[in-house]
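Have the sequence at hand as you go.

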Amino acid sequence: MVTQLAQKTYTVEEYLELELASETRSEYRNGEIIPMTGGTPNHNDISGNAYILLKALLKTKEYRVFHVDQRLWIPSLKQYAYPDVMVAPKPLEMQTGRKDTITNPCFIAEVLSRSTQNYDRSEKFANYRTIDTFQEYLLIDQYHIHVEHHVKTAVNQWLFSEYVDPNVTISLQFLDLPIQIADLYDNIEFI
């Protein structure tokens with residue numbers, strides 16, 4: 001007979017208290033605290049490239065660009081996440097009573113890893129879609145050139161495109177921003 005230990009569930013308040021005291025980041029899903037594992041050099045460089053490109057393109061616009069450590073609150077699901085790259089319009093909307101948790105992203109990019117790619121494509125994307133301001137999602141593979149682009153076209157309707165050619169320039173719809181695939185993969189060595 002196999003005995004399973006009951007997994008502790010945490011309240012939002014308990015999670016936030018633990019998160020403030022922790023040296024590492026964790027996401028919060030349905031009462032469960034999910035530690036964020038360390039990334040690979042490719043993951044770090046790709047998310048950094050996306051951040052730098054967006055930061056430069058949005059320099060004079062009314063948007064803020066965040067990289068890795070900015071917490072996102074998904075209110076309808078009572079979940080917290082740390083997107084790899086996130087863009088939100090000014091003024092930022094914060095979770096009630098918090099100064100460290102955004103609620104109004106319009107764009108999110110995630111760099112895919114083998115352990116999280118299925119979650120990023122399915123459940124995580126579904127979770128992000130519950131946010132009214134969320135309009136665009138970019139999934140960037142770190143193992144080979146492959147970018148998946150989702151754009152909201154109407155309520156409950158999303159347009160999907162994918163790219164494998166580094167010479168292609170895609171247009172991010174939220175501000176008609178051109179991003180060349182090769183720039184996302186700048187200085188990446190595929191192993």
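A salt bridge here is a side-chain nitrogen of Lys or Arg within 4 Å of a carboxyl oxygen of Asp or Glu. By that criterion the structure, which is a predicted model, holds 9 salt bridges. Side chains of opposite charge can pair when their charged atoms come close.

| Salt bridge | N to O distance |
|---|---|
| Lys 8 and Glu 14 | 4.0 Å |
| Arg 25 and Asp 69 | 2.9 Å |
| Asp 100 and Arg 98 | 2.9 Å |

How exposed are the partners? For Asp 100 the value is 26%, which is partly exposed.

Beyond the pairs in the table, shared partners link Glu 27, Arg 29, Glu 110, Asp 120 and Lys 124 into one network of salt bridges.

Where do Arg 25 and Asp 69 sit? Their salt bridge has an N to O distance of 2.9 Å. Arg 25 is in the loop between α1 (12-21) and β1 (26-29), and Asp 69 is in the loop between β3 (63-67) and β4 (71-74), so the pair ties together parts 44 residues apart in sequence.

Now for the helix. Helix α2 covers residues 41-57, 17 residues in total, and spans 24 Å from first to last C-alpha, close to the 24 Å expected. Its buried residues are Asn 42, His 43, Ile 46, Ser 47, Gly 48, Asn 49, Ala 50, Leu 53 and Leu 54. In an α-helix there are 3.6 residues a turn, so residues three or four places apart point the same way.

Technical notes:
Residues numbered from 1 in each chain as written. Predicted model: local features only at pLDDT ≥ 70, side-chain atom pairs only at ≥ 80, totals over all residues. Heavy atoms only, no water. Helix = DSSP H or I, 4+ residues; strand = E, 2+ residues; numbered from the N terminus. Expected span 1.5 Å × (residues − 1). Buried < 20%, exposed > 50% of the residue type's maximum accessible area, 1.4 Å probe, protein only.
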